[in-house]
Amino acid sequence: MSKLIKILSLSLSLTVTLLILLLQIQVGSSSSSSSSESSAAKDLLKRLLPTHLHSFNFHILSSKDACNGHSCFIINNSNRSTSSNTAPEIIISGTTGVDIASGLHWYLKYWCGAHVSWDKTGGTQLSSVPKPGSLPLIKAEGVVVQRPVPWNYYQNVVTSSYSYVWWDWERWEKEIDWMALQGINLPLAFTGQESIWTKVFMEFNVSMEDLGDFFGGPAFLAWARMGNLHAWGGPLSKNWLDKQLALQKQILSRMVELGMTPVLPSFSGNVPAALKKIFPSANITRLGDWNTVNGNHRWCCTYLLSPSDPLFVEIGEAFIRKQIKVISLFVSEYGDVTDIYSCDTFNENLPPTDDPTYISSLGAAVYKAMSKADENAMWLMQGWLFYSNSEFWKPPQTKALLHSVPLGKMIVLDLFADVHPIWKTSSHFYGVPYVWCMLHNFGGNIEMYGILDAISSGPVEARTSKNSTMVGVGMCMEGIEHNPVVYELMSEMAFRNEKVKVPEWLKTYSYRRYGKAVNQVDEAWEILYRTIYNCTDGIADHNLDFIVKLPDWDPSLNSQTDMSKQNDMQIFHRLPDFGRFLVQETSSDIPQAHLWYSNQEVVKAWQLFLDGGTDLVGSSTYRYDLVDLTRQVLSKLANKVYVDAVIAFREKDAKSLASHSQMFIQLIKDIDLVLASDDNFLLGTWLESAKSLAVNPSETRQYEWNARTQVTMWYDTTKTNQSHLHDYANKFWSGLVRSYYLPRASMYFSYLSESLTEKKSFEVEKWREEWVAFSNKWQAGTELYSTKREGDALAISKDLYEKYFG
């Protein structure tokens, strides 16, 4: 028996090795020519560091044999025969254009002390890069860094709505540059798909009018694509459809030029209501409600075509063929763009039965729709369902779905591996290749948060464990442009063979981010590492700070039994995906915002940040971090003040209630003040980006309403009921804090005070009615908000520290 076990284990190990080798071959296999990839990398250098355009030579490796069959980059000194400032100093070779860009970034970080992050998190720090002709040499034998796994995946299916929705090509070009520098070679490419769907569904006799009711508005397209809602925020204009398709052409062209493998959408079964009338015998069912207030069919209860119906394969094949045809018109010189397609049919919906045979047939049908159009198709699937609906997806059902396609033709995203890794409880997804992913962010909320130790060790543990089928690492955040330290470390794990020693890494990170070593700031990062960036309680950090998500409840009820009777009691960390309820346990019946660290320690870190500020005047990266840290401390303080106000209300202490409520209001004003001192925390930027895509007044109003609604009420309301998703995508933005969160808190505390002074019950229904009316008016508003920072961030932060903690 022991011999048999050894044979089986060896057989599995060989299978895993073969799978990874096959996937390794896929990397860059459908990309552009070697010369165009190196040229694309050179163009990236010109945009990033134009002064050093001649300081680097780039080459595509002719064979992966240079790195034992792995993707890699190699950095060498140039054999210069002249000291001219225009002569190449450093040679970077890579398997693809992305690998060259990664090598450039690695050199700039670890030899020049430079830093690259999103513009909205402080941008780049390149002042530490020596002048041309003076670049640091590396060791004589050169530096070789190879990827331990083939893929570095990027994006969540909702990132396109929370972060990218209002982007133009200029912003997309910066993002693709950032992606390449971080080594991302497997990005989602979902932009413009509604234009393709329009062409496909019209071939099945669906009218433009019917499609107007099918697609969501610009800021809600992700959820319309998943079949959660329809029509909300729409309809989409021809201008929107045409511009987004043109943008997708630019996005895909640049991704392919750099050697990336884009992941394109595929058919998950979500269909317009009209299709049921056009094909009355088709197996089309109406889904249940998804987060409307009262099951309003105007927005909810979309239609799903069963994968078991022959029409599913027909539509799925037509969609992929149409994508390939459209794409080939503008990237034909690159050959095939991709063979990898994303599909999540079961992510929001359960199959009608748990019979493994039936589940297997459904999975086979989904893949058939892909493979009929592309014989080399590979199915990329989010693995969230195995966590969020673990009661349904037991081992037999999970195996049935995962094994419904040929081995090696499915890749699973272990979406929440940074907190709840599924690979550990599923024997590495029962032999199916998977990507270790960090989810990290919900709704694009602004919150300092992370688990650096899990990021620095989790991928290595998964890859090196017995019979691992891990083939990549990935970042699957719902929204981007926050917590740059988290994303820099996670990106590096695509090139790390061993666990990272975070304390040592943070010291070099601090130096790179600010361009110099400042002892107080280094000490601050040591504190942040063991506090804010050490969340180990297993709770998904969806920001529930009371300023941005004020509890909607009657605080005069003081028992859990009474509270359970209230509509909309916000104790739950409710996330708008099927089955996503994450509860923070508390012995108190008062709502508790998520707090996983000592705020007193973080106040000390803030003080150290302030003490080091004199040495970092003018640094945009320092200013961003200081403003973010100031906001974090004051927001957590506000949570405590809110609880104190509720206690005072319950004790019928009107004077104390007035004191605490006034302090809460003042904290909101002060937070808005400090946010206004940095360009990256402004509501105006979001709104103006939305309006910039419009071509007429009607579109301007629609796009602004979409932008305002997503970050506030999100979804539908009634006269006395907020949206179930209100504040899901909350943002700490100056302008939004002052004009939306401040009036809400003032209104709420006014009702509490009136309840005490007039000795009457808290009129929760009246408060809701007034607030919903205010919110709806705000969403439809057109007031202008600043797009430029105001005030001195360091001076304001110092004043606020003295005011609250001095």
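Glu317 is buried, with 16% relative accessible area; here buried means under 20%, exposed over 50% and partly exposed in between, for a 1.4 Å probe and protein chains only. The structure is a predicted model, in which local features need pLDDT of at least 70 and side-chain atom pairs count only at pLDDT 80 or more, while totals for chains, interfaces and linings use all residues. Residues are numbered from 1 along each chain as its sequence is written, and side-chain values use heavy atoms, with hydrogens and water left out.

**Salt bridges**

Glu317 takes part in a salt bridge with Lys372, with 3.7 Å between the closest N and O atoms; a salt bridge is a side-chain nitrogen of Lys or Arg within 4 Å of a carboxyl oxygen of Asp or Glu. Because Lys372 lies in helix H12 (residues 356–373) and Glu317 in helix H11, this pair ties together parts that are 55 residues apart in sequence. Helices (H or I, at least four residues) and strands (E, at least two) are DSSP runs, numbered from the N terminus. Lys372 has a relative accessibility of 42% and counts as partly exposed, whereas Glu317 is buried.

Helix H11 (residues 310–331) also holds Lys322. Lys322 forms a salt bridge with Glu203, the closest N and O atoms being 2.5 Å apart. Glu203 belongs to helix H6 (residues 193–203), and the pair links distant parts of the chain, 119 residues apart. Lys322 counts as buried, at 16% relative accessibility.

| Salt bridge | Closest N to O distance |
|---|---|
| Lys322 – Glu203 | 2.5 Å |
| Lys372 – Glu317 | 3.7 Å |

A search of the whole structure finds 39 salt bridges. Salt bridges also link Arg47, Glu173, Asp177, Arg254 and Glu257 in a network.

**Cysteines and disulfides**

Two disulfides are found in a search of the whole structure, a disulfide being a pair of cysteine sulfur atoms within 2.5 Å. In general, a disulfide is a covalent bond between the sulfur atoms of two cysteines. Cys67 is joined to Cys72 with an S to S distance of 1.8 Å. The torsion about their S-S bond is about 75°, so the disulfide of Cys67 and Cys72 is right-handed. Cys67 counts as buried at 2% relative accessibility, and Cys72 counts as buried at 1%.

The other disulfide joins Cys300 to Cys301, with an S to S distance of 2.3 Å. The link of Cys300 and Cys301 is left-handed, with -65° about the S-S bond. Cys300 and Cys301 are buried. With bonded cysteines counted along the chain, the disulfides follow the pattern 1-2, 3-4.

Cys343 is in no disulfide, and the nearest cysteine sulfur, that of Cys476, is 16 Å away. Cys343 counts as buried at 2% relative accessibility. Cys437 is buried, with a relative accessible area of 0%.

**An antiparallel sheet**

Three strands form an open sheet in the order E10-E12-E11, with antiparallel pairing; two strands pair if DSSP finds at least two bridges between them. Strand E10 (270–271) and strand E11 (284–286) are the edge strands, and each pairs on one side only. Between E11 and strand E12 (residues 303–305) there are three bridges in the antiparallel sense. Thr285 has Leu304 in E12 as its bridge partner.

**Confidence**

The mean pLDDT of the protein chain is 91, and 91% of its residues reach 70 or more; pLDDT is the predictor's confidence in each residue, from 0 to 100. Over residues 1–14 the pLDDT is below 50, and this stretch has four contacts in the model beyond near neighbours in sequence, where contact means heavy atoms within 4.5 Å. Residues 559–586 also stay under 50 in pLDDT, and for them the model has 81 contacts beyond four places in sequence. Where pLDDT is low, the predicted coordinates should not be read in detail.
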